[in-house]
Structures are given as structure tokens and as C-alpha cells.
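Subject: Structure for your review

Dear colleague,

I am passing on the structure we spoke about, and below it I have written down what I found when going through it. Please read the notes with the coordinates open beside them.

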Amino acid sequence: MRNAWLLAINTLKQTARKKGTLIILLVLPVIGVLVAMAAYGSIGSSSVTLGVVDQDHSNVTGDLVKSLDQEGQFKILSLDEQDIETYLTAGKVDSVLIIPQGFAESITNGSITNGTGDIKENLAAPRLVSIKGEAATAWVQNYTNLYLQNLQDLSQAAGGNGEVFEALYHKYQEKNVALTVNKVQDQTKSKGMTTQSIGFLIMFMMLGAGTTADMILKEKRNRTYYRICAAPVSPRTYVLGNVMANLFLVLIQIILTLFLMSKVLRIETFVPLPELFLILMLFGLVAIGLGLIIVAFANDSVQAGTLQTLIITPTCMLSGCFWPLAIMPKSVQRIAEFLPQTWAIAAIEKLQAGSAFSQVGINLAIILAFALAFFLIAAYRFGKNNEVKTFI
Amino acid sequence: MPVAKIENLVKKFGDAVAVDNVSLQIEQGEIFGILGPNGAGKSTIINVICGLLSFDAGKVEILGREIKRDPVYCKRNIGIVPQDIAIYEDLSAFENVKFFATLYGLRGMGLKERVEEALDFVGLKDKAHSYPKAFSGGMKRRLNIACALAHRPKLIIMDEPTVGIDPQSRNHILRSVKKLNELGCTIIYTSHYMEEVEEICSKIAIIDHGKVIAEGTKDELKAIVMNTNGVWITVDSVHQVSAERLKEIKGVVHVEIKDNTVKITSSADINNLDKIILYFTGNGIPLKNIESKAPDLETVFLTLTGRKLRD
């Protein structure tokens, strides 16, 4: 056991001195999380920048602008008429709402009376200008129409009497109707971000484990394996040393990624961290087992690298590491069931959906079975070619 | 008790017999040379002794214990200097020796002392914290030796340790081997350089096609070919010299033409020097020098196998 430990330390020492390996092991998972954040950061609501040209300067128009501002969906920018073109073409505003002079008066005397809500039919009605089309104006138009509808109702009730309208309008403005907004958190975004970050971590764990396992081939190539096996070290102890080093590196990868996600970037994972950690550590065993298989079957590092690329990237794609498995055809989903990554991601998604940890037991058992199978195949292969003749 | 004892060793690779019923006994304090051409089975025997290769038949004992039954004990008492340089380029010379020494159970202050001692022995103490990347081929070879010494093995196996190095490093290595032997180490030294083996080994086994074809001290081996004489004739040009014609002369057993020298081996009981000289003069080939040569290991190998060591 002491020799396995010494071999593990030696592997870690050499790994720490290789920039390329350190990048694969520690920097790429971090980049993966950031890529996932960037991908999901672009999804969700965004506010519209609305320029307002108030040519009426009345209480009613002031209240309309205030109301739009309070809606929370618009970023209001007060403009002069001559600035409209500049701001629109420069993209500083998405659309401009022009409230013409006499707007308040038209409201008071009831001259904006069309029932269709098409405010552009009246000269005194506000106008919307945009170069982005309906995508930028629809929201403002609907909201403004709704606000005007209320004013028209007041105007009709006042029967064109200015004083009555003023009284009604004051009461309307002072009404103690409080709107409490309770926002329901959009968890799909955080959950998706977590799954994708974990997906990237899974891929980089597999790449990292392959790189560390590749040290075996390197040691065979530089003959240090020969010297190690001439010492009182069995091939089994030698492989154990590599697995120990690999396990430590996987542990560091997981801790670093989870720390970054939960403490630095504050991504809500919706899975208790110890449970997430356990799933990933189990998957770490799968990654190490696969790395050993590749090394056991490859004759040199180039072959091992090619095998890694051919196995890891497509299986990560198929198993939903980069996008949800549900969007793929049924036949692909069926293939994915034979991939260990699928079961790790499914376990995380189940936990995110509120399942108890005991309910992902089957997933964990399958992941463990994959790891066991990989280790057995690698051990069989190593047993077959552990004689020195295979690397002279 | 012999340091290493090999009895009727057989090792096959598929149908090919790499080692065919080999028996060797290496006594305490010997420098035991295993001489043979490439592919003779030297490295296979070494790998079996080191416990790196299983074998099909026979028995291998190190210090009285069978390698199959007690591989850890046997390995602890062996230091191997592989044919290929087996060191980490990413670790310093000190770290290299230290790492391999720890695998033999060394630790603490004793470990540091032994590592420094090993590096000092091979003349790399002042380069202890340098990386092998910056070393010359000879320095790497010396570090390769140091890695086998720190645990003070009773048996040191050197498998062609001078391949591909400059004469200065080669001399340093040969001196080191002698010094190790003076310090009490038993050494198995394999080589296909006859002159190296002849210079340092107290006992020699000649291997060919997986078999021991001769074994003994240098003098015992040379006695095998005492019934031959060697004559080296230097000429201006060897273009006109025909080895076949020379072999037709009675008593000539072997002719080798290299550069401008014709090396002729003849039976000692037949005096044919006059006929040989007549061949050259009769064919208009001016002689520059004639030298009589005593038999050496090369001649021994040649006589026993009909081939040269480096064929």
C-alpha cells in the first residue's frame, strides 16, 4: 500500500509540473461552467428601452410616463423630438413613444373615442416609432392602449365635462388599489445551467482521467514502468497508484467546480451539495475506469488520445451533457441509456425535480456497475499484457 | 551460497524458444558477463532474474530464495540498470534516485544520505537538482545507474549499460562497475561488446540462440581456441582480396575483411603463413603490415558459432 501511495504522489508531482495537463484538469471545468452560464444567461426576460417625447407636458402625460416606468418592463429615456432619429438608429432606444401636444385635452373632452384601441387614428393620440418593428413596439403599444382605455372610460363617464373628468381622474390616481407582485422564480434556467455545467464537468472529468491514465503509457514508453516493476511493486500496485492519483485529481475537479458554481457564481443547483458531490465522485470512478480501459487497449499515447476523442465527445453529446436528452430522437435516447453519463445527469435532474436521494439509488447503482465493469475489463487486459515483453 | 542460481531455464514466446535450458551460477563477488549477439536471449534471462518475466520451466534463485515464491525478497536484493535509460525527465536527478529508492522501502534521513551517496558514486552530486533534460547521453546513463544503487542491492544487473555513449562516459561506467565490485557487489553484466566483457568480467557465459555455448573465466574460454592462430594483414586496397580464395588455403578457418585489414584465423597445427603471403604477392597486392594475433573472445565466439558477435 505504501508503494501505491508513493506511485500516486509521483504521478501527482509530474502532473503538477505539466501546464497542459493542469489546464485540462482544472481550468477547463471552470470554463465549462462559465460557458453554461453564458448560454443560459441569454435566455429569459429582457427590458425594452423606450424613449418618450412628451410634447404635452401635462399631469396626465406625466402620469402615463410614470405608469410605464413603474411597470418594470421598460427602461424609460426622456427625449426631445430632434433626438428621435439619432437614438433609434444608434440603437440606444428600441422604440420612441411620442405624446403630442393636446393629448390631455383630447382625453378630457373625449375626442379620443375609438373603441378599437388603435390610438394612431387620432391626431392627438400618442404615436410609437421604431425601426425594430412589432417586436419592439407591441408590448408598449398594448400597455399604452390599456392605459388610454381607462382614461377614455373616465372621459365617457364625465360626459365631456372637464371638471368632472378632473375629479374622477384624481380619484382614479389616488385609488388605494395596491398591486402586489410576487415573482415566481424561473427555476428552469438555474436547473438547466446546473445540468449543463455538470455535463461539462463530466466531460472534463473523463478527459482528465484519460490524461492521468495516459501516464501509464508514458511510463511504459520512457521505461520507468520497467524499473518500477523491477522494484518490489506488482503491476496491480502500480495501477492502484495511478487510480489513487486519478481519484485525487477528480476530487479536486469536483470540489473546484462545485465551489465555483455555488459560492462564487451562486448558481442555484436545487440539489444538496453533498448529494451532488456523491453522484459526481461515483461518476469519477467511471471516468477513471474508462481511462484505464483506453490505456489498456491502446499501444501508444496517440492511439489513446484518438480513442479518448472518439469515445468521450460523442457519448457526452448523446447522453445530454451539452443539451437536454429530451430534445433528441427516441432512438438516440434509447442508445443513451447504455451510457454512464446519462445516468449521472438523470440522477441530478431527478433530485432537481424534488425526488428524495433514495429515489436515485438505481441511478447510483448503475453508475457503480459501469465503474465496476470498466475496472474489471481494464484489470483483465492489464493482466494479459503486464509482462515486460509487451513494452520492450 | 550463490547470489543467483539459474537451473534449466526455459522461456518461450509462442513457438519461439528465447531461452533454451540455460543453467548459470553467479557467486558472491563476481562480475559475471553474459556475452552474446543481439537477440541471443541475454535480456530475456535478465528479465526473468528480475522477476519481470514468467518462465516456462526451470528454477531461478536469488540468495537462496526462489523468485517465483518470494519475488519481493528477491527484487529487494537486486538493482537493475536497464538497457534503455529509465528515468523521469520531469524530475530532478535527486528526485529520480529518491523515488526509485523509496520503492525499495528507504525513507527518512537514511534515504537522503543514500541518494546523495548514489549520485556521488556516478559523479552527478553537483547536478543533483538539475533535470535530465539538460543532461548529455552519458550523464543520463550514469543517472540510470545511480537509480539502481541507492538501495544498496547485493546483486546489480547491468544490461548493456554502455550502448550509444561517448568513450569518456563509457570508461567512467566501466570504472564504476569495477569500483562497485571492489565494494562487495556481485554484478551481472551483459554486453555485445567483447572488449568490455573481456576487460571487467571475472567469469563469462557466451549465449547464442538462447543457449549457453560456453562458460568460464576469460582464460578458460580462450583455451577453447588455443588451437587457432590469428594473422592480420594490412594492405593498400582490399578490392582485389577474395575471402573465398583465402579460405581455400589449407588450415584457414575464417577470413574477415574490414577497412584495409584482412583478418585470417587458421588452425594452430598447420603452418600456412607462407601460402597466405604468397596469395597476396602472387596477386600483385602489396603488403603494408603483417601482425600475429593471440585469440580473444571474439575469436572464441567466432569459433563456437561461425558468426561474429555483431553480425
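How many helices and strands does chain B have? There are 11 helices and 14 strands in chain B, and please keep in mind throughout that this is a predicted model. Of the 311 residues in that chain, 42% count as buried, and among its contacts between residues at least 6 apart in sequence, 69% join residues at least 24 apart.

**The six-stranded sheet of chain B**

Six strands of chain B make up an open sheet in the order 6-7-8-3-9-10, and the pairing within it is mixed. At its edges are strand 6 (78-81) and strand 10 (211-216) of chain B, each of which pairs on one side only. On average, neighbouring strands of this sheet are turned by 15° against each other, if direction is ignored.

Six of the six residues in strand 8 of chain B are buried. B:Thr186, B:Ile188 and B:Thr190 point one way from the strand, while B:Ile187, B:Tyr189 and B:Ser191 point the other way, and all are buried. This can be set beside the general rule that in a regular strand the side chains alternate between the two faces of the sheet.

As for partners, strand 7 (residues 155-159) of chain B runs parallel to strand 8 of chain B and is paired with it over five bridges, with B:Ile156 standing opposite B:Ile187.

**The four-stranded sheet of chain B**

Another open sheet in chain B is formed by four strands in the order 2-1-4-5, with antiparallel pairing. Strand 2 and strand 5 (65-66) of chain B stand at the edges with a single partner strand each, so one side of each is left without a neighbour in the sheet. Strand 5 of chain B is joined to strand 4 (residues 57-62) of chain B by two bridges, the two strands running antiparallel, and B:Glu61 stands opposite B:Glu66 in this pair.

Is B:Asn21 exposed, partly exposed or buried? B:Asn21 counts as partly exposed because it has 14 C-beta neighbours inside 10 Å.

In chain A, the phi of A:His57 is near 50°, which is again a positive value in a residue other than glycine. A:His57 sits in the loop between strand 1 (48-54) and helix 3 (59-71) of chain A, and A:His57 is exposed, with 11 other C-beta atoms within 10 Å.

**Contact between the chains**

Where the chains meet, 19 residues of chain A are in contact with 23 residues of chain B. On the side of chain A that touches chain B, the elements giving two or more residues are helix 1 (2-16) and helix 9 (224-230) of chain A, and helix 9 of chain A gives the most, with six residues. By type, the residues on this side of chain A divide into nine nonpolar, five polar and five charged.

**Nonpolar cores**

The largest nonpolar core has 154 residues, of which A:Ile202, A:Phe283, B:Val97, B:Ala146, B:Ile157 and B:Ile187 touch the most other members. Apart from its neighbours within four places in sequence, A:Ile202 is in contact with A:Phe283, A:Cys316, A:Cys321, A:Gln341 and A:Ala344. A second, separate core has 22 residues, including A:Leu50, A:Phe74, A:Ile99 and A:Leu154.

With best regards

Definitions and conventions
Residues numbered from 1 in each chain as written. Chains lettered and ligands numbered in written order. Predicted model: local features only at pLDDT ≥ 70, side-chain atom pairs only at ≥ 80, totals over all residues. Pairing = 2+ DSSP bridges. Axes fitted to C-alpha atoms, helices over the stretch in contact; angles between N-to-C directions. Contact = placed C-beta atoms within 7 Å. Nonpolar A, V, L, I, M, F, W, Y, C, P; charged D, E, K, R; others polar. Buried ≥ 20, exposed ≤ 12 C-beta atoms within 10 Å, placed from the backbone. Core = buried A, V, L, I, M, F, W, Y, C linked by C-beta atoms within 7 Å.
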